[in-house]
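Let's take a friendly tour of the ligand site and the charged side-chain pairs in this model. Have the sequence and the structure open as you read.

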Amino acid sequence: MNITENVLSIKSKIAEAARTAGRSPEDITLVAATKMNGAEAVRQAILAGVPVCGENRAQELTEKYAQGAYEGAGVHFIGHLQKNKARQVVGVCSLIQSVDSVGLLAHIDKLARELGIIQDVLLEVNVGGEETKYGFSPEQLPPVLEQVSNMSGVRVRGLMTIPPISDYKGRNRVCFARMYQLFIDISAKKYDNVYMNFLSMGMSGDFEDAIAEGSNMVRVGSAIFGPRIYPAADK
Ligand SMILES: *Cc1c(COP(=O)(O)O)cnc(C)c1O
């Protein structure tokens, strides 16, 4: 695995997908999904031009942060965040992409106010309607967005989704298109304290399709770092 070559190749694919969709390559943010990759690999990716890293676990974030792994790049949180771990993430990550419940949102709001900051977040949408997946259903979003106007410690900057694992190429386009429509509908409604700046969707296997359907933020892991080797107990 040559991380530098991989990053350059992903960046050129992103640029091409953007141009094909009639958009500018600079409009699309590449987030390197760094879970299970050590500080050295993360540094290589940043040196190769990755502007933002995305971590899934608070503990990994804390460890790599202490090692200076993210220097020269931004860091987002993209995994399921337990409330009791939120303190390790709020104010450290410039964007928490994976807010998946009102309870978590309210907790982040409280922690951010204690710190005297405003935490930018995305709301995670379970657009595929999978029971096993975290996130709000599209129907749950309007009442949640109403509540955000009363939360001075958070600012909603967009939406994120992880579509169902697909068995053939192109299958997720329907989910991506539905997300884009939600993104547009919410923008038009003009909720207080809600800005639809980022639509985070697309991973190693489908980021080009996601861009074609309107994504402006892709989270790419294995196509940069190679396949992740999970410990047997985690399977
Ligand atoms: C791991 C992960 C990714 C990247 O997945 P790849 O298929 O390796 O590109 C993207 N988003 C989230 C939330 C992830 O956990």
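Lys 35 has an N or O atom in its side chain 2.7 Å from an oxygen atom of the ligand, in a predicted model. Two further polar contacts (pairs of N or O atoms within 3.5 Å) reach ligand oxygen atoms: one from a polar backbone atom of Gly 221, at 2.8 Å, and one from a polar side-chain atom of Arg 228, at 2.8 Å. Taken alone, the ligand exposes 380 Å², and the protein buries 89% of that (accessible areas by the Shrake-Rupley method with a 1.4 Å probe; for residues, only the protein chains shown count as cover).

The residues around the ligand (a heavy atom within 4 Å of it) include Ala 33, Asn 56, Ile 78, Ile 162, Met 203 and Ser 204.

A word on the ground rules: residues are numbered from 1 along each chain as its sequence is written. This is a predicted model in which local features need pLDDT of at least 70 and side-chain atom pairs count only at pLDDT 80 or more, while totals for chains, interfaces and linings use all residues, and side-chain values use heavy atoms, with hydrogens and water left out.

Now for the charged pairs. How many salt bridges does a search of the whole structure find? The search finds 13, a salt bridge being a side-chain nitrogen of Lys or Arg within 4 Å of a carboxyl oxygen of Asp or Glu. Here are some of them:

| Pair | N to O distance |
|---|---|
| Arg 57 and Glu 60 | 3.9 Å |
| Arg 178 and Glu 139 | 3.8 Å |
| Asp 209 and Arg 173 | 3.6 Å |

Asp 209 lies in helix α7 (residues 207–212) and Arg 173 in helix α6, so this pair ties together parts that are 36 residues apart in sequence (helices are DSSP runs of H or I, at least four residues, and strands runs of E, at least two, numbered from the N terminus). Asp 209 is buried, at 16% relative accessible area, while Arg 173 is partly exposed at 32% (buried means under 20%, exposed over 50%, partly exposed in between, with a 1.4 Å probe and protein chains only).

Salt bridges that share partners join Glu 55, Arg 57, Glu 60 and Lys 64 into one network.

How values were computed. Polar contact = N/O pair within 3.5 Å; in protein donor to acceptor, adjacent residues only side chain to side chain.
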